[in-house]
Amino acid sequence: MNNYLYDGTPEGLVSAIASILDSGENPEETHLAVRQDTLFEEGLFLRTDSALAEALFERLRQRAPDAVYTLWYFMMAEADGLETSLLRYIALAFEHGDRVNGYLTHADVKGIVGTARKAGRELHRMKGLLRFEQLRDGTWLARMEPDCNVIQPLARHFSRRLRAQEWFIYDARRRSAAHWNGSDLSFGTLEQFSRPELSPEEQAVQQLWQTFFKTIAIPERKNPRLQKSNMPAKYWKYLTEKQGE
Amino acid sequence: MELQEKITILSGAARYDASCASSGCSNDTPRGGMGNTSQGGICHSWADDGRCISLLKILLSNDCRYDCAYCVNRSSNPVPRASFTAREVVDLTMEFYRRNYIEGLFLSSAVNVSPDHTMEAMVQVAEILRNEERFGGYIHLKVIPGSSPELVRRAGLAADRISVNIELPSSESLKRLAPQKSKEAILAPMKLIGAESGMSLVERRKSRKAPRFAPAGQSTQMIIGASPETDLQILRLSQGLYSRMNLKRVYYSAFVPVNEDNRLPVLAAPPLLREHRLYQADWLLRFYGFSAEEILSDDAPNLDESFDPKTAWALRNPGFFPVEVNRADYATLLRVPGIGVTSARRIIAARRFAPISPEGMKKIGVVMKRARYFITCSGRPFERVDQQPARLRQRLLLGDGSEPKLPRQLVLPGLG
Ligand code: SF4
């Protein structure tokens with residue numbers, strides 16, 4: 001086994017993979033991990049090189065555009081410990097092109113594609129579960145704490161859907177925020193955050209929604225387990241219809 | 001009446017309608033407007049019964065002049081009545097949409113005053129949403145049987161989907177249980193919708209500016225178990241609706257007795273399992289290349305209670321098996337119990353790299369509990385396939401080869 005280490009950043013990961021692939025090392029016999037700086041750590045540290053990472057992306061885009069998407073989703077998942085699998089996945093993508101995503105009987109491919117799907121699923125879920133509240137100044141705010149870092153594609157989705165209103169999306173887990181001003185999207189981080197005051201109508205509309213939510217369920221068929229498996233409790237914190245339950 | 005109270009009455013009355021899918025069409029946000037729809041459909045919440053909420057599903061009115069035997073809102077029932085104004089529905093839709101509670105609106109109604117009177121108000125809701133509010137989200141309108149062609153046309157131009165409930169699987173049953181509705185009043189708008197949307201597709205191929213008519217297609221719903229039709233009759237009807245009327249979806253709803261009426265059968269419980277089996281069989285018609293006559297026959301006109309229709313078919317056709325997973329084509333793979341559309345596609349994608357092993361089958365997501373009796377992997381069988389059919393049935397039942405008998409959803413008689 002050849003052991004390599006990198007600095008733990010997404011860019012560092014891609015750049016490390018690029019240099020391993022360039023070196024001609026056999027990916028199936030190579031191990032890649034984040035440097036921990038412990039005494040007994042073994043392996044060669046690969047310095048992050050953005051140009052190298054860029055170039056790899058570009059080549060992969062030519063050879064396997066779907067695999068670039070998978071890589072993009074995989075990064076959103078912020079998964080630990082799958083660096084070696086990603087290295088092998090990318091090597092296979094260069095070898096086979098986009099067909100690689102069908103190679104689910106390969107453990108590393110399955111690990112990467114499965115993790116990417118997890119992020120894709122959460123992104124899709126948040127498109128439905130995100131709730132906007134109207135603030136006193138007429139702008140809108142949505143708060144969330146997703147497992148995966150989905151704020152960018154999520155904000156892009158809402159910039160098409162709710163494009164006639166000014167809004168903010170805040171990821172409380174990562175302290176990151178997106179802002180749509182009616183024509184442009186911007187991203188940033190917030191050190192401090194407290195929810196501003198709501199508009200006077202907000203409460204009434206929320207109540208109407210809570211009423212609808214309650215009456216639309218068929219009473220004879222209450223099924224909290226099914227409800228929870230479709231809509232895990234970790235998302236309830238910001239759901240209007242689940243407040244005060 | 002307070003808006004809160006109206007919502008309670010009119011969403012409560014709408015909750016039994018199953019045909020709420022918002023998927024299958026994509027709209028862009030109109031210029032300066034609000035909202036789009038997305039191809040896959042988005043669930044915004046899950047109700048306490050576990051069902052997905054994606055639309056504001058509501059009745060415009062439950063104040064009905066008709067008296068259909070199976071319906072809670074029939075005129076002879078003493079239930080609280082309420083009606084929305086068009087404006088109220090428009091405002092609710094917009095306020096909910098802005099907060100990302102919903103994908104759009106699913107509006108149905110009881111027959112208030114007359115079919116045209118009710119339909120006119122429903123069309124108004126859709127037109128105000130599109131023209132005044134510039135709303136680009138999803139709109140599904142349920143057509144009131146007997147409304148004029150002109151109104152159906154306007155409905156189709158404003159909505160993404162319009163549907164007419166076929167209500168019961170035969171015209172005799174319709175006559176007996178819903179005497180104020182006629183087969184013609186239901187089929188006429190269905191035909192008109194089919195023709196108009198076909199024409200709009202042709203026109204739009206010539207010019208992107210041609211108006212879109214109900215782009216998400218047409219669906220319908222029928223009540224199961226309130227009348228004596230067999231499953232074969234029902235599936236034949238659906239098959240015809242798919243092939244001749246170009247319907248996108250047929251929904252089945254298990255009959256739940258809400259009224260005392262000597263025209264109705266007395267059931268201990270709603271036929272939920274039957275409803276579930278019909279959905280499975282319908283799936284086979286639409287996605288698996290089966291015909292109604294393959295699934296059922298005049299000798300055995302009803303679906304098996306113990307097995308899903310595909311397993312039942314496999315048990316009746318042992319000569320078709322075993323299927324070799326490393327060679328069989330897509331259509332053949334689809335006929336294997338335990339292999340669905342996704343796993344069949346994955347098998348074909350994965351075997352390009354290397355022959356699939358038994359472990360590989362599990363990784364791909366094949367339900368081996370069922371599939372094992374019907375396949376070989378590179379010539380190796382998992383189980384002897386040529387056993388006595390009776391013993392195979394038994395093993396499938398005992399060895400967890402059958403699926404849980406829990407029906408996925410309960411659906412009650414439709415309205416409108
Ligand atoms: S099914 Fe429709 S028309 Fe018949 S009573 Fe009910 S609401 Fe009225």
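View 1. The model is predicted, so local features need pLDDT of at least 70 and side-chain atom pairs count only at pLDDT 80 or more, while totals for chains, interfaces and linings use all residues. As for bookkeeping, residues are numbered from 1 along each chain as its sequence is written, chains are lettered from A and ligands numbered from 1 in the order in which they are written, and side-chain values use heavy atoms, with hydrogens and water left out. Where they touch (contact means heavy atoms within 4.5 Å), domain 1 of chain A puts in seven residues and domain 2 of chain A ten.

**View 2. Helices α1 and α2 of chain A.** Here α1 (residues 10–23) of chain A packs on α2 (residues 50–63) of chain A, axes 8 Å apart, at about 75°. Helices are DSSP runs of H or I, at least four residues, numbered from the N terminus. The axes are lines fitted to C-alpha atoms over the stretch in contact, with angles from 0 to 180 degrees between N-to-C directions. That makes α1(A) and α2(A) roughly perpendicular (65 to 115 degrees). Among the contact residues are Val14(A) and Ile17(A) from α1(A), plus Leu56(A) and Phe57(A) from α2(A). By class, this contact has eight nonpolar, three polar and three charged residues (nonpolar: Ala, Val, Leu, Ile, Met, Phe, Trp, Tyr, Cys and Pro; charged: Asp, Glu, Lys and Arg; polar: the others, Gly among them).

**View 3. A helix of chain A against a helix of chain B.** The axes of α7 (residues 202–216) of chain A and α2 (residues 86–98) of chain B come within 11 Å, crossing at roughly 100°. So α7(A) is roughly perpendicular to α2(B). On the α7(A) side sit Val205(A), Leu208(A), Trp209(A) and Phe212(A); α2(B) answers with Leu92(B), Glu95(B) and Phe96(B). That's six nonpolar residues, no polar and one charged.

**View 4. An aromatic pair in chain B.** The whole structure has 20 aromatic pairs over all chains (Phe, Tyr and Trp rings, the last by its six-membered ring, with centres within 6.5 Å). Tyr97(B) and Phe135(B) have ring centres 4.9 Å apart and planes at 85°, so they're edge-to-face (planes over 60 degrees apart). Tyr97(B) belongs to helix α2 of chain B, whereas Phe135(B), 38 residues apart from it, is in the loop between α3 (115–132) and β5 (138–142).

Notes
Helices (H or I, at least four residues) and strands (E, at least two) are DSSP runs, numbered from the N terminus. Angles under 35 degrees count as roughly parallel, over 145 as roughly antiparallel, 65 to 115 as roughly perpendicular and the rest as oblique. Rings of Phe, Tyr and Trp (its six-membered ring) pair if their centres lie within 6.5 Å; planes under 30 degrees apart count as stacked, over 60 as edge-to-face and the rest as tilted.
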